Amino acid sequence: MAWREQRDFLLQFLFRPTGVGAIAPSSRHLARAMVDWIDWAEVAGVIEYGPGTGAFTADILARLPAGAKFVALEINPTFCEALQRRFPELRLHQRSVREVPQVCQLEGIAQVDAVLCGLPWAAFSHRDQVDYLDALFRVLKPGGQFVTFAYLQGLLLPAGRRFRRRLDEYFSTVESSRTVWRNLPPAIVYRCRR
Ligand SMILES: C[S@@+](CC[C@H](N)C(=O)[O-])C[C@H]1O[C@@H](n2cnc3c(N)ncnc32)[C@H](O)[C@@H]1O
């Protein structure tokens with residue numbers, strides 16, 4: 001990872017600690033644990049939530065089947081600028097994931113097969129967690145895949161534990177990966193099917 005990307009990410013964390021929720025971009029090991037789980041052959045539409053500096057985006061673009069639609073929602077303007085420079089072809093919206101139904105409408109997407117998510121769920125209020133999951137369910141197909149991660153320390157926080165319980169309420173199956181130790185901080189991946 002370029003030192004400049006690392007530095008910019010850390011600066012954004014210092015400006016907006018709860019919005020960014022991490023001191024460094026995800027490692028390629030965490031990216032693989034997220035992206036490899038998706039049934040790419042079945043994907044006609046996919047959304048990335050909170051791409052940051054693009055730690056998962058390159059892998060998503062590499063696996064995307066020909067003709068499949070891919071859009072990303074990132075709330076942070078500095079990350080959006082850097083992302084659009086790095087991936088000029090990316091359909092990127094500087095919007096909150098709360099507005100994902102409106103973004104899908106703009107893009108002519110009814111529902112998608114998969115959502116890959118980098119949001120810091122343990123930093124969100126009860127209200128935001130519920131609103132974001134409700135909005136997600138308006139765009140994720142029945143049987144669709146949702147993959148996200150949690151930092152180990154976040155599992156100790158009430159909001160982190162609440163989010164894990166909430167996944168069980170929303171999804172028909174939820175699996176947790178082994179700990180991905182080669183990430184700063186170490187994380188686990190939640191693999192959920194609607
Ligand atoms: C922990 S960082 C992860 C960044 C990147 N996915 C990675 O793994 O390196 C969380 C990202 O979610 C973005 N974010 C936070 N709240 C958001 C929201 N409501 N809508 C869209 N993006 C959001 C932040 O700006 C940040 O880029």
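How many helices and strands are there in the chain? The chain holds eight helices and seven strands, where helices (H or I, at least four residues) and strands (E, at least two) are DSSP runs numbered from the N terminus. The model is predicted, so local features need pLDDT of at least 70 and side-chain atom pairs count only at pLDDT 80 or more, while totals for chains, interfaces and linings use all residues. Residues are numbered from 1 along each chain as its sequence is written.

Overall dimensions come next. A compact globule of 194 residues would have a radius of gyration near 16 Å, and the 15 Å of the chain agrees with this; the radius is taken over C-alpha atoms, and the globule rule is 2.2 Å times the number of residues to the power 0.38. Along the principal axes, the C-alpha atoms fill a box of roughly 40 × 35 × 30 Å.

Inside the chain, 39% of the 194 residues count as buried, meaning that 20 or more other C-beta atoms, placed from the backbone, lie within 10 Å of the residue's own. In soluble globular proteins, nonpolar side chains tend to be buried together.

Leu-184 and Pro-185 are joined by a cis peptide bond, with omega about -5 degrees, and Pro-185 lies in the loop between β6 (173–176) and β7 (187–193).

Definitions and conventions. A residue is buried if 20 or more other C-beta atoms lie within 10 Å of its own, exposed if 12 or fewer, and partly exposed in between; C-beta atoms are placed from the backbone.
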